[in-house]
Amino acid sequence: MSSRNDILTAIRANRPKVERALPAVPLFDAGAPGSLLAVFKESLTRMGGLFLDPPAAGDHLLPVREKIAAAKVVCSTVPEITGNRGIAEVRTPHDLADVDYAIVRAAFAVAETGSVLLHDVSLKVNAVSYLAQHLIVLLDPADILLNLHHAYRRPEFRERHYAVFHTGPSATADIEGVLIHGAQGVRSLSVLPLARGAASGRQG
Amino acid sequence: MSRDPTPSEGTPAAGPAQVTASQDRDAIYRSGRRLDHAEGASRPLRPAPEKQPRGARIHGDRPIDQAEAAARFIAAPEHEQMHDARLWDLRQKRDREMHVIPEWETLRALASAIKEHTLTHLDEYLEQFETQAQSNGVHVHWARDAAEHNRIVHGILRDHGARSLIKSKSMLTEECGMRHYMASVGIEVIETDLGERIQQLDNEDPSHVVVPAVHKLRTDVAEVFAKTIGTDPDNSDVHYLAESQREATRPLILEADAGMTGCNFAVAETGTVTVCTNEGNADLSANVPKLHIASIGIEKVIPRLEHLALFVRLLSRSALGSPITQYTSHFRGPRAGGEMHFVLVDNGRSARLGMEEFWTSLKCIRCGACMNTCPVYRRSGGLSYGATYSGPIGIIIDPTFNARKYSNLPFASTLNGSCTNVCPVKINIHEQIYAWRRELVKQHEVPFVKKAAMKAAGEVLSRPAVYRAAVATANAALEHLPRFVIYNGLNAWGKHREVPHPPKQTFHSWYQQHRGEKP
């Protein structure tokens with residue numbers, strides 16, 4: 001452990017002898033908008049995500065079913081939709097290499113940025129949300145927070161081993177600034193607003 | 001092969017009007033109908049793309065000649081113009097994002113204050129981070145320098161019998177020369193960020209902290225990929241190139257023995273490593289192999305989660321003008337059946353903390369905003385600096401690693417202060433650049449012409465009346481001096497650019513005339 005001690009000793013010797021108090025960080029939530037869902041939708045779209053409008057009546061999951069209708073391999077981690085690659089049977093991430101669509105539920109979303117939070121417990125195998133070609137996220141509209149200041153108060157960041165904000169699909173602009181979706185991760189990310197338990201009991 | 005019945009067949013073409021498709025050498029060539037016996041075309045089939053200017057020439061510890069490399073970059077107009085326009089576009093996008101956040105300046109002030117507080121209590125927060133990470137089941141290592149970092153990473157890989165490592169972009173591992181080291185011990189390192197992968201395959205360092213291949217044209221990338229991953233050398237379509245890289249890299253990701261990421265923010269209270277990427281490649285690197293190693297500069301620690309919100313809000317807006325990166329990942333502990341290692345790296349940082357004029361450079365969150373706004377950087381390319389860190393932040397960090405080798409870099413600046421204005425953590429970059437010039441003169445690392453000019457400028461600038469007289473005289477002189485006096489080898493400003501027309505009147509004399517007598 002001598003490197004550790006050397007580094008800490010050097011820091012203690014060199015710490016600037018100035019007083020710098022730790023400021024409190026406000027939540028910056030004055031003037032919150034009327035509809036968090038509307039703000040979220042706009043932010044998500046800006047970041048290249050797709051917002052799926054549920055039909056006014058009938059099967060709420062119809063936009064999802066239409067998307068996956070032609071897909072060969074669908075891996076669902078949510079009870080609302082049944083895929084044909086059970087996440088419970090996945091032994092290693094390699095078993096997910098051929099997944100066309102993965103379907104997951106967000107713990108919550110952030111209106112400011114258009115982000116959804118996914119974590120290890122709901123994903124079961126973290127890599128599913130990157131190895132799949134396309135990702136569909138179910139989001140309870142009641143789970144949308146105003147901004148990142150509110151988001152980082154959520155318990156997931158203290159409880160989960162892995163938590164991640166997805167904001168639109170995988171993207172790169174590394175060659176002459178040309179925007180490409182699907183750099184290494186998913187080529188598209190769609191979000192369907194759907195209350196938890198709303199579609200339970202339906203057959204996928 | 002069908003016969004063309006036109007009468008001119010077989011006869012020499014008298015002029016362009018009589019050439020038929022079958023006689024057009026280029027047309028035959030492209031259609032592949034005729035065996036060409038490797039004959040040369042009399043004229044190029046397409047104009048050859050402009051060759052990519054390479055970076056600074058490195059000669060051991062000898063001072064990098066940034067100006068020489070910059071001159072070569074400027075001499076490649078397609079590269080220079082694309083680079084300048086692309087980075088200025090990022091700067092403008094940053095401005096647009098900033099203007100819609102009313103609390104922007106408050107965020108900057110808070111972020112700066114939090115970083116300064118943390119740095120002045122760095123030992124305490126590092127110990128807290130270590131304790132938390134260990135209680136989450138993470139192995140924590142400490143590395144004094146680059147060599148120890150590489151040895152530690154190699155040791156972890158060896159213990160797991162790992163032969164291949166997929167990784168996301170990390171300026172720290174660049175700083176440590178890790179790829180080079182791993183090659184020497186037979187471990188294959190695969191960069192998974194598109195820009196970084198391009199640079200790796202081209203055997204070239206990243207030129208920018210956020211967009212590593214920003215100095216390359218698509219034709220340069222097409223050439224690199226044609227040689228390395230077998231793409232069509234004539235196809236420089238960006239979608240084609242990006243897709244080819246995705247297809248070529250994916251099997252390597254799936255088969256890799258270990259994964260590595262850097263760290264944007266290390267949260268002390270939870271022991272969390274936060275990584276911000278757009279491609280999802282850090283999450284693949286960390287979540288596909290069983291072993292995840294994160295390399296962390298000791299200055300990356302912040303006290304609490306509530307502070308993370310500030311930095312995440314500032315980072316991508318400052319870097320790319322987007323509200324957040326596509327992925328903001330929080331690694332707090334290993335996956336079931338997996339293993340996670342954090343390597344905390346000093347490599348000169350604790351010494352920098354003791355430099356009274358320069359310690360606040362440790363606040364840097366590596367957004368690259370100062371590079372995007374810098375007129376010198378935009379027109380000279382990051383590789384002209386010949387160092388891991390380039391642009392305004394680079395020229396105040398690099399001399400801490402090697403004052404002699406990087407002694408020219410603090411002179412690659414106009415001291416316009418734009419870097420300081422855009423810095424999300426309010427580092428006084430341009431003042432530190434000037435302070436480095438003074439420091440290097442003191443250490444005798446500066447050549448005579450610069451030193452004499454600095455000394456004269458210092459004396460003039462320290463006395464307002466002398467300064468005013470000097471400006472008036474210089475303006476008058478610029479109007480009347482012959483060109484060879486202004487544009488000679490001693491005036492670096494006269495190279496590649498016209499000296500601006502001198503104003504008719506100095507601001508001071510205008511002010512005296514118009515406002516001076518009013519109460």
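How many bridges join E2(B) to strand E4 (residues 258-261) of chain B? Three, and the two strands run parallel. The views below take it from there.

A note on the model: it is predicted, with local features needing pLDDT of at least 70 and side-chain atom pairs counting only at pLDDT 80 or more, while totals for chains, interfaces and linings use all residues. Residues are numbered from 1 along each chain as its sequence is written, with chains lettered from A and ligands numbered from 1 in the order in which they are written.

**View 1. Strand E2 of chain B and its partners.** Helices (H or I, at least four residues) and strands (E, at least two) are DSSP runs, numbered from the N terminus, and two strands pair if DSSP finds at least two bridges between them. E2 (residues 164-167) of chain B is joined to E3 (residues 188-191) of chain B by four bridges, running parallel. Zoom in on Lys167(B): its bridge partner in E3(B) is Glu191(B), and in E4(B) it is Met260(B). As a reminder, side chains in a regular strand alternate between the two faces of the sheet.

**View 2. Leu254(B) in helix H11.** This leucine belongs to H11 (residues 238-255) of chain B. Leaving out residues up to four places away in sequence, Leu254(B) touches His94(A), Ala97(A) and Val288(B), where contact means backbone-placed C-beta atoms within 7 Å. Ser361(B) sits 107 residues away along the chain, with 38 Å between its C-alpha atom and that of Leu254(B).

**View 3. Where chains A and B meet.** The contact takes 59 residues from chain A and 70 from chain B. On the chain B side, helix H13 (residues 305-319) gives the most, with eight residues. That side splits into 34 nonpolar, 20 polar and 16 charged residues, counting Ala, Val, Leu, Ile, Met, Phe, Trp, Tyr, Cys and Pro as nonpolar, Asp, Glu, Lys and Arg as charged, and the others, Gly among them, as polar.

**View 4. A strand pair across the two chains.** E8 (residues 162-166) of chain A pairs with E9 (residues 327-331) of chain B, antiparallel, over five bridges. Look for His166(A), which stands opposite Tyr327(B) in E9(B).

**View 5. Chain A on its own.** Chain A has seven helices and 11 strands. Of its 204 residues, 47% are buried.

Notes:
Contact = placed C-beta atoms within 7 Å. Buried ≥ 20, exposed ≤ 12 C-beta atoms within 10 Å, placed from the backbone.
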